Each structure stands twice: as C-alpha cells, then as structure tokens.
Amino acid sequence: MSLRAPLGKVLGLGTARDGTDHWWMQRVSAVGLALLGLWFVGSLVSLDDLQYANAHAFIAAPLNSVLMLLLCATLAYHSYLGVQVVVEDYVHAPGIKVVALIASRFAHIVVAAASIYAILRIGLGA
Amino acid sequence: MSNSDRPLSPHLSVYRWPITMTLSILHRGTGLAMSIGLLVMAAWLINTAAGGADYERFTAVMATLFGRLFLIGWSFAFFFHLANGIRHLVWDTGYGLEKQQATASAWFVLIASLVLTVVFWVLLP
C-alpha cells in the first residue's frame with residue numbers, strides 16, 4: 001500500500017533521495033574544521049612573529065601548505081552549507097532566493113579558488 | 001494561498017528569553033560573520049603570495065582600529081562557533097538535551113569562548 005497522494009504520484013514529485021545529505025555533510029565538515037581550525041590557531045600563536053617572511057615560510061612548508069588547502073576548501077564548503085540554510089530560512093521571495101543561492105555558491109567557489117591559488121603559489125614558490 | 005497574518009512557528013515572542021535562545025542565534029550570527037570574514041582570509045593569502053610590499057599594506061589595514069576590532073570579533077566568532085559547534089555535535093549523539101543541561105552547557109560555551117579569545121590574543125605574537 002502506498003501512502004502517497006494520487007496527485008503526487010502523477011506529478012512525479014517525491015523524495016530526492018538526499019534528505020540527510022546536507023545535514024550529514026555539515027557535521028562531517030564541522031568535525032574537519034574543528035581539527036583544522038585548532039591546528040591553524042595553534043600554529044598562529046606558536047609563530048615567532050606575523051611578519052611577511054615568517055608568514056610566507058609557514059605557509060610554504062609542505063605539510064602546512066596541504067593543511068591550509070584543506071582548511072580553505074573545507075571552510076568554503078561548510079560556509080556555503082550554512083549560508084544556504086540562512087537564505088532558505090529568511091529569504092522567501094522565490095526569485096531573490098534563487099539568485100541569492102546561486103550568488104552565494106559562486107562567491108564561495110571564487111573565494112576558495114583564489115585562496116587555493118594563493119597557497120599553491122606560496123607553496124610551489126612561483 | 002497563504003495568509004500572511006497567520007502566526008509563524010516558532011512563537012519566539014511568547015517565551016521569556018532564555019540563554020539557550022541567545023546561543024542559538026549567536027551560532028548563526030557568528031557563522032554568517034565568519035562567512036564574510038572568509039574574504040579577509042583570502043585577502044591575507046593573496047597578499048602573502050603577492051610579496052612583501054602587499055603583505056605590509058594588508059597588515060597595515062589590519063593594524064588600524066577597525067581592523068583590530070574586526071580581528072578580535074572574528075576570533076571570538078571562531079571560538080564561539082567552535083565551542084557551540086561541539087555542543088551541537090554532542091546533542092546529535094542524543095546527550096545533553098535536558099533543559100538544565102542545555103542551560104549549563106550554554107553558559108559553559110559562552111564563558112569558554114570568551115576565555116579562549118582572551119588567551120588567544122595574549123599568546124598571539
């Protein structure tokens with residue numbers, strides 16, 4: 001026996017089969033960010049100073065480069081998931097909502113790409 | 001189709017404002033603030049990649065009063081969102097959801113994030 005309404009069946013609307021995906025990935029990226037964030041803050045306070053040479057050398061170290069890449073990518077991803085929920089909760093006009101969601105996604109991808117490019121330049125000594 | 005006069009749940013205005021509601025909206029607020037702060041994080045990396053002169057210009061902006069206030073606010077947002085995020089993860093396992101426990105963990109998170117912010121700025125070179 002199906003509990004679905006006849007109209008729903010005809011329209012073909014139903015679960016997109018990713019019901020818990022957003023919720024779950026928000027948690028997974030949160031765990032990653034807790035670890036990466038604590039590493040980043042711990043690294044900042046253990047530097048001798050925050051002048052150019054020191055900051056550059058810190059990011060250029062291979063392990064730090066990789067962790068910075070992971071940090072920036074995960075930050076952008078987690079941030080996008082969060083902003084998406086905020087937009088969906090508070091922006092009700094359909095047109096503005098879609099535009100805001102697309103703009104947010106583009107902005108996050110641009111920020112992530114720019115950060116990753118900068119880290120690679122520093123790490124690869126370009 | 002929808003009646004705009006209809007009350008929306010949650011009926012926030014009928015409750016005496018508890019600390020847990022403050023933390024709930026602060027979690028969203030600090031998250032959103034840090035999303036905007038990502039631009040500054042990217043600017044830091046781009047200016048580091050660009051070379052010493054650009055890096056000096058960036059740190060000069062950050063050393064202004066506005067820059068300092070932004071960084072202090074950002075560090076608090078980070079520690080708060082981290083601590084309260086862990087509180088949320090504990091909730092997701094099904095623990096700590098009783099009213100008294102949630103109130104106690106709220107105060108713990110608030111005080112811990114303030115302490116961590118102060119410790120961070122004391123330790124920062």
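Tutor: Two residues are in contact if their C-beta atoms, placed from the backbone, lie within 7 Å. Please keep in mind that this is a predicted model.

Student: Which residues of helix 3 of chain B meet helix 4 of chain B?

Tutor: On the side of helix 3 of chain B they are I72(B), S75(B), F76(B), F79(B), F80(B), A83(B), N84(B) and R87(B). Their partners in helix 4 of chain B are S105(B), V109(B), A112(B), S113(B), L116(B), T117(B), F120(B) and W121(B).

Student: How many of those are nonpolar, polar or charged?

Tutor: The residues of this contact divide into 10 nonpolar, five polar and one charged.

Student: And at what angle do the two helices pack?

Tutor: Helix 3 (residues 65-92) and helix 4 (residues 99-123) of chain B pack at an angle of about 140°, and their axes are 9 Å apart. The crossing of these two helices is right-handed.

Student: Let us step back. How many helices and strands are there in chain B?

Tutor: Chain B has four helices and zero strands, so from the N terminus on its elements run α-α-α-α, and the chain is more spread out than a compact globule.

Student: Why is it called more spread out?

Tutor: Because the radius of gyration of chain B is 19 Å, well over the 14 Å that the globule rule gives for 125 residues. The C-alpha atoms of chain B fill a box of roughly 55 × 40 × 30 Å along the principal axes.

Student: What share of chain B is buried?

Tutor: Buried residues make up 24% of the 125 residues in chain B.

Student: Now chain A. Which residues of helix 2 of chain A are buried?

Tutor: They are S29(A), A30(A) and L33(A). These buried residues pack against helix 4 (62-90) of chain A together with helix 3 of chain B.

Student: What should helix 2 of chain A span, going by its residues?

Tutor: Helix 2 of chain A (residues 21-46) has 26 residues, and at 1.5 Å a residue it should span 38 Å. Its end C-alpha atoms are 37 Å apart, which agrees.

How values were computed
Residues are numbered from 1 along each chain as its sequence is written. Chains are lettered from A and ligands numbered from 1 in the order in which they are written. This is a predicted model: local features need pLDDT of at least 70, side-chain atom pairs count only at pLDDT 80 or more; totals for chains, interfaces and linings use all residues. Axes are lines fitted to C-alpha atoms, for helices over the stretch in contact, and angles run from 0 to 180 degrees between N-to-C directions. A crossing is left-handed if the near helix is turned anticlockwise from the far one by less than a right angle, and right-handed if clockwise. Ala, Val, Leu, Ile, Met, Phe, Trp, Tyr, Cys and Pro count as nonpolar, Asp, Glu, Lys and Arg as charged, and the others, Gly among them, as polar. The expected span of a helix is 1.5 Å times one less than its number of residues. A residue is buried if 20 or more other C-beta atoms lie within 10 Å of its own, exposed if 12 or fewer, and partly exposed in between; C-beta atoms are placed from the backbone. The radius of gyration is taken over C-alpha atoms; the globule rule is 2.2 Å times the number of residues to the power 0.38.
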